[in-house]
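Colleague: I have this one open on screen. Please talk me through it.

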There are 2 protein chains.
Amino acid sequence: MLDLVFRPDPRGREPLHRQLESRLRALIAAGRLGPGQKLPATRELALTTGVGRNTVTQAYASLTEAGLVSAHVGQGTFVARRPGAPAGAVPAPARGFVWESLFAAAGRPPRLPRPAAASEPRVRFDFRAGRVDGAALPRDALRRAFARATRELGTLANAMDPFGLRALREEIARALVGRGVECGADDVLVTAGAQQALDLVARALLEPGDAVAVEQPGYFGAALAFEGRGATLVPIGVDGEGLRTDELARALRARRMKLVYVTPAVQCPTGVVLSPGRRAALLALADEHQAPILEDDYDAQLRLGARSTPALAASDPAGQVIHVGTFSKALFPGLRIGYVVAAPPLRERLAQGALASCFGASPLAQSLLVELVRGGALGRHVRRMRRAYAEREAALAEALADALPEGASFVRPAGGTCLWLTLPPAIDAAGVHERARAAGIAYARGESFFLDGRGAEHVLLSFACHPPAELARGARELGAIVCDARAERSAALPAACRTTGTRAAGGGMS
Amino acid sequence: MLDLVFRPDPRGREPLHRQLESRLRALIAAGRLGPGQKLPATRELALTTGVGRNTVTQAYASLTEAGLVSAHVGQGTFVARRPGAPAGAVPAPARGFVWESLFAAAGRPPRLPRPAAASEPRVRFDFRAGRVDGAALPRDALRRAFARATRELGTLANAMDPFGLRALREEIARALVGRGVECGADDVLVTAGAQQALDLVARALLEPGDAVAVEQPGYFGAALAFEGRGATLVPIGVDGEGLRTDELARALRARRMKLVYVTPAVQCPTGVVLSPGRRAALLALADEHQAPILEDDYDAQLRLGARSTPALAASDPAGQVIHVGTFSKALFPGLRIGYVVAAPPLRERLAQGALASCFGASPLAQSLLVELVRGGALGRHVRRMRRAYAEREAALAEALADALPEGASFVRPAGGTCLWLTLPPAIDAAGVHERARAAGIAYARGESFFLDGRGAEHVLLSFACHPPAELARGARELGAIVCDARAERSAALPAACRTTGTRAAGGGMS
């Protein structure tokens, strides 16, 4: 008799009939069950595997539905002949696993960025968020800092502290005074970028099915981290004052939230600042519902205005706010250094996660950063880029205001490096995106920041990567594309009316 | 009435009474339920929260057991007065969360390495595994490579490919020919060290309760990664031929395994090579039970002998082996660069995990490595260190053979940088470890490599960090400690006999 090597796992995540179905699918895919081969009778298979007969029947039914087997009354169930495979063909040799059937079920897997195809138009204007101007980076300072860092190579080479290098934690704690956060080196955990900080928090707190409140529109990277632990995301709206705390309050009353994710300093992607009233409401809600706040302070070092609102964590003596930051914006994302400030028991748990997942952030990159901070190069670079970004933002906003048609609008951001644009109503947004792409204008489309497929009418434009004059040129080209699309729509409306009219006339003629 | 803000989650991981208990604990810890305050009657609380009365009774019983509340017949249940707190004391203001009650339940959290206390003896002989000799690293080549890497800073700064830099993947694919693995750049995914590769595999395949077969003794880092996803570890024994495939076969027949983790080239920690017969048996078992093999090839670049057995993945045309490697040994762990070669659907899934967890390995470190490979510095360093390690291993083995007492034994490793030592039987192993620590002799204790607390009679000695003469001195000091412990035991035996004799005489006198 055929040995299925099927061990039902009653405690498994999947019901037994799905487990059996997966196993049979794997055997069919591997050619162990060849085309035309008869499957065991349901009663027989139930007996040999120890599952109920119903379980076998359900598994067979699913396979029949999928076209992998076919049932013939009075004869039994047979493996289907592959489309195009002649009857009696030799089964393929074992070709390994059906990997998909082995994957853990945890949320929607993220779309991967695709390498640019040869046919892809060259990027002429790079408005993509999360990138920095490589030409503006302090290259020589980096080389000098690296040379200094390698003086301690013997220590660095073997450094393995999941909390991060102490020297860097000291510098981060010092820098956080500027965000109103009073903490010491022991309160800081260095991470491989803010993304890892979000992932470690997810790892520490979330279990499959836990609910997490997120901003919508909001940062997709946070969604990836939470969904990676099987969490359910609860989108909360955003307006000109930031997160809608009234909506959050309703959501918290409706169900328990394990975490509230928020970008108070510079809302991602809209660029608005969380208002003082909303800040107070948010902290009160976290306390009332015992739901920790995850504050992503990602762009705060680059606020364009003179004065910076303190971080939410600054108003949180009870340690209910988990504060995350990054050097991806102040320096560059390829450095992969971020940090998290959290209450002691959580910080310990985060370090345990860092140890298990990758032993912590690269000590080499950490040491390089220490040298850049101590030598003053980072401070000089940030001050220079803050001025540069203010000019760039102004140039982009001015050019867009000139070039965009009526009905388009955008928010001038409080900080960060992006501007959130809304296309005119009822325009062919997909057409605009396609034409922009073909013209070599690259940007993040609004849908990326929504969980439900909405947002096509939005565009996030980063002004980080080009000097002002180039930004203005790109804005004018984009503006022309939007104007064209709007004109076509205006032109299309009467045309549609004509078509309708013609039809009606035709109808009258019949 | 008191509003508990308790939303029972029937689909939650914890039973409802535990959910309620956690909520009450949090309220008590936060001072919302003050000392002496009366809790609602069970019937009342059941009605207002919608859970069964039994659930409330269970929650109250657990809190009573924990001393947080006390029940008084006929009066009700009251929050306990804190030890030492006078009756009627003002409750403390809200002080944040009971974080521990919010943590995800996923395996045993790893022990964190503690920073060396001031009272800790200085490490004079560093035999700790996983470290390299910082003084032997090609410092100037590193600086030159970094300078060359920064020429492409504009690209590197924004590089964000979860598969890793293409140039590095090409070099890795080329280098894998030496391990018998035929693959191209597209088959490779670069990770932040081998640990991240293990974690990404765990993330892709494992769900809470899934079983994973691991070597025992075995690598604790792998255990951390698997347990981090809630997997159950099934230890499989190791002997002079490596993993006991007969034990594995029995385990696979007993229950379904989601993964078999193995270190075939240089078993961690024993240093033995998986024999040809076992290799064949392992591959056949993986195929028969459709259980993927995770091959950790961590130390293979540093095999001491002239010829190197090909990787297990070399004998795997069906792609059932997931092949993981690292540059932590060939260069240094602080670089945090490893890689994984896996079948296409799994590789895609691993990249999705990398994206969600940290956006992938540091492009800066990757680029540095590309320059080191292309410029030939890495090859030169590996050849030099292979010779150096062979000398160091010989020096350590020779000194240990001289210095250790009878009954002690060790395995001369096939590769890697460690030597697995077994102390004489019935010796006070804990005493040896304590004396070695006090003398500044640092090493990994055997228990770290066992899941069940066994292994105290073993010591893993790395010969990577010192030149031969120093290793020999350290070995002699350690040998003397072991000799003393053994002599004490021998001395203790007659003494014990005397004591027994005396007692017997005393007994006779009474």
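**Strands, then the dimer contact**

Colleague: In strand 9 of chain B, what is the bridge partner of Val262(B)?

Modeller: Glu295(B) in strand 9 of chain B. This is a predicted model, where local features need pLDDT of at least 70, side-chain atom pairs count only at pLDDT 80 or more, and totals for chains, interfaces and linings use all residues. Residues are numbered from 1 along each chain as its sequence is written, with chains lettered from A and ligands numbered from 1 in the order in which they are written.

Colleague: How many bridges join strand 8 to strand 9 of chain B?

Modeller: Three, and the strands run parallel; strands (E, at least two residues) and helices (H or I, at least four) are DSSP runs numbered from the N terminus, and two strands pair if DSSP finds at least two bridges between them. Strand 5 of chain B is also joined to strand 8 of chain B, by two bridges and again parallel. There, Val212(B) has Leu259(B) as its bridge partner.

Colleague: Is strand 8 of chain B covered on one face or both?

Modeller: Both: Leu259(B) and Tyr261(B) on one side, Val260(B) and Val262(B) on the other, are buried, meaning 20 or more other C-beta atoms, placed from the backbone, within 10 Å of their own.

Colleague: Switching to the interface, how many residues does each chain put in?

Modeller: Chain B gives 86 and chain A 87, counting residues whose C-beta atoms, placed from the backbone, lie within 7 Å. Helix 11 of chain B supplies the largest share of the chain B side, ten residues.

Note on methods: Contact = placed C-beta atoms within 7 Å. Buried ≥ 20, exposed ≤ 12 C-beta atoms within 10 Å, placed from the backbone.
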